[in-house]
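Let's take a walk through a protein model, one piece at a time. Have the sequence and the 3D view ready.

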Amino acid sequence: MNNFKTVLSLIFLLPLLGIGQNAGIIPQPLKVVMKKEAFNITAMTPIIADDTNRGNASFLQKILKDKLHKDLPIKGKGDKGIILGTNPQLTASLGEEGYTLNVGDKSISIMAGTTTGVFYGIQSLQQLMDTANSTSRNIVISGMEIEDCPRFAWRAFMLDEGRYFKGKEQVKKLLDQMSLLKMNIFHWHLTDDQGWRLEIKKYPKLTQVGSTRSDSQIGGWDSPERSKVSHSGYYTQEEVKEIIAYASERQITIIPEIEIPGHASAAIASYPWLGTIGELKEVPTVFGKLPDSYNVSDPRVYEFLENVLTEVMDLFPSNIIHIGGDEVKFDAWKTSTEIQDFMKQNDLATPGDMHIFFTNKISNFLNSNGHRMMGWNEILGENVHEWQEDTDMEVKENLAQNTLVHFWKGNLDLVSKAVREGYEIVNSYHEYTYLDYSYKYIPLEKAYSFDPIPEGLEDSFHNKVIGSGCQMWGEWIPEVKDMDRMVFPRLAAYAEVGWSSLKRKDYTVFRSNLSYLLEKWKMNGIVLPQKFEKQDFDEK
């Protein structure tokens, strides 16, 4: 580890041509100016926090206790020590999440317009401490001035647990790394064909039946191989509350995803009357796009979904609920007399119209309860799949205007089209952001190169692209070590995509700054791909 500190100490002193100086922090701050003086943190250094930052002070105290093995004193006043303060006037220049960090010989000062900004300043300080010259008695932080704020408001990581349940300790591990990297949205994919992972008190069979499958496909898509091992797991609502509180302490909002109307086989296996085909007897053991979906013509299905979503809204503080909406196989609807009659009664010409009509009903319900709907971009009614018939997607219905559209597939021109039509977009284009794709397909440098703003989009619409997300789909990650290898170190690249300004992005600098994180992750038991296990890694 000392080698890493030596290398990074040298990096701190080198100005980067055209983009300012490098503090060694990921994501790269907006402005950095290095200074000659330094500050020495010892066990006697006070943390000085105003009343609004008591929580931040306690958080920093825990970080420093891990390093100095003693609780640093927390005080309300003083000008010598580590100073945490809020000044609402700073939001005009730094926004809700920006901060300043100044290291002099008498103090370290972190100031922001909000406590969230102060928290992100603490995360930058934590990285500086991780790479500083230190002992068990003191930590020497080089002098510098940082002014920083994010490029995008939405900086997300998605974990799919519908396929393989990981458990709360692994979720907390991911939340810790997200917060260190200033990512602020944990998109939690909790239901899918192969598993229902969230306790719903009104419908206990969703977890009694839907959380367990007897076997699992292995070996890839269409493979006949099976694990011959059952898989199960779900979160009680009390466990979810614990995880929500843990995320909130780290300034992370959890967005739950409850798949509607497709990818619903686990729910249908639990309550067969929910389905369109009516043949499902157990939770599927194969992955991919499965044939059945909710019977969108049945009033009982709407009642079920409203009851489920009511419990979800009551449980999660976020006012955004992700409803999926992707990869709906329309064959079941096309062959259902009941659904065809419903479509005629409601003047719905195509399955695509039926999909939008249904999605808008869910949107209206969420809106009436103070929530906003989010869904994958199929809900716009565009045909983005080679297996979908074009005639099925000749739509007249329009998606509810306040829907947050999560773009993942199709021509990137569809992003520009959607924002021009007034929709807000989170851009998670799969060819750059899917963590289940191999490093051969999405190497680290390609992940880092992603820009959520499509090329050619007029400046006046840039604010409609509110950010990006990276997705850890779970079909082929049964073990935590499998997940770790796919997430790390690409998570750091996506963090910088979401936070750092384009003028500050530089892949060579990012790779240098990444060295200490690789070592830290290894020391914390995170399994890295073999090519990233040595300091001078080669991803080619």
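Helices (H or I, at least four residues) and strands (E, at least two) are DSSP runs, numbered from the N terminus. The model is predicted, so local features need pLDDT of at least 70 and side-chain atom pairs count only at pLDDT 80 or more, while totals for chains, interfaces and linings use all residues. Residues are numbered from 1 along each chain as its sequence is written, and side-chain values use heavy atoms, with hydrogens and water left out.

Start with helix H11, residues 337-345. Its buried residues are Ile339, Phe342 and Met343; buried means under 20% relative accessible area, exposed over 50%, and partly exposed in between (1.4 Å probe, protein chains only). Looking down the axis of H11, these buried residues fall within an arc of 100°, so they line one face of the helix. That arc is taken from the directions from the helix axis to the C-beta atoms. Why does such a pattern come about? An α-helix has 3.6 residues a turn, so residues three or four places apart point the same way. Over on the other side of H11, Thr337, Lys344 and Gln345 are exposed. After H11 comes aspartate 347, with a positive phi near 55°.

Now hop over to strand E6, residues 81-86. Here 5 of the 6 residues are buried, so E6 is largely enclosed by the rest of the structure. Strand E4 (residues 47-49) runs parallel to E6, joined by 3 bridges; two strands pair if DSSP finds at least two bridges between them. E6 also pairs with strand E8 (residues 107-112), again parallel, over 6 bridges.
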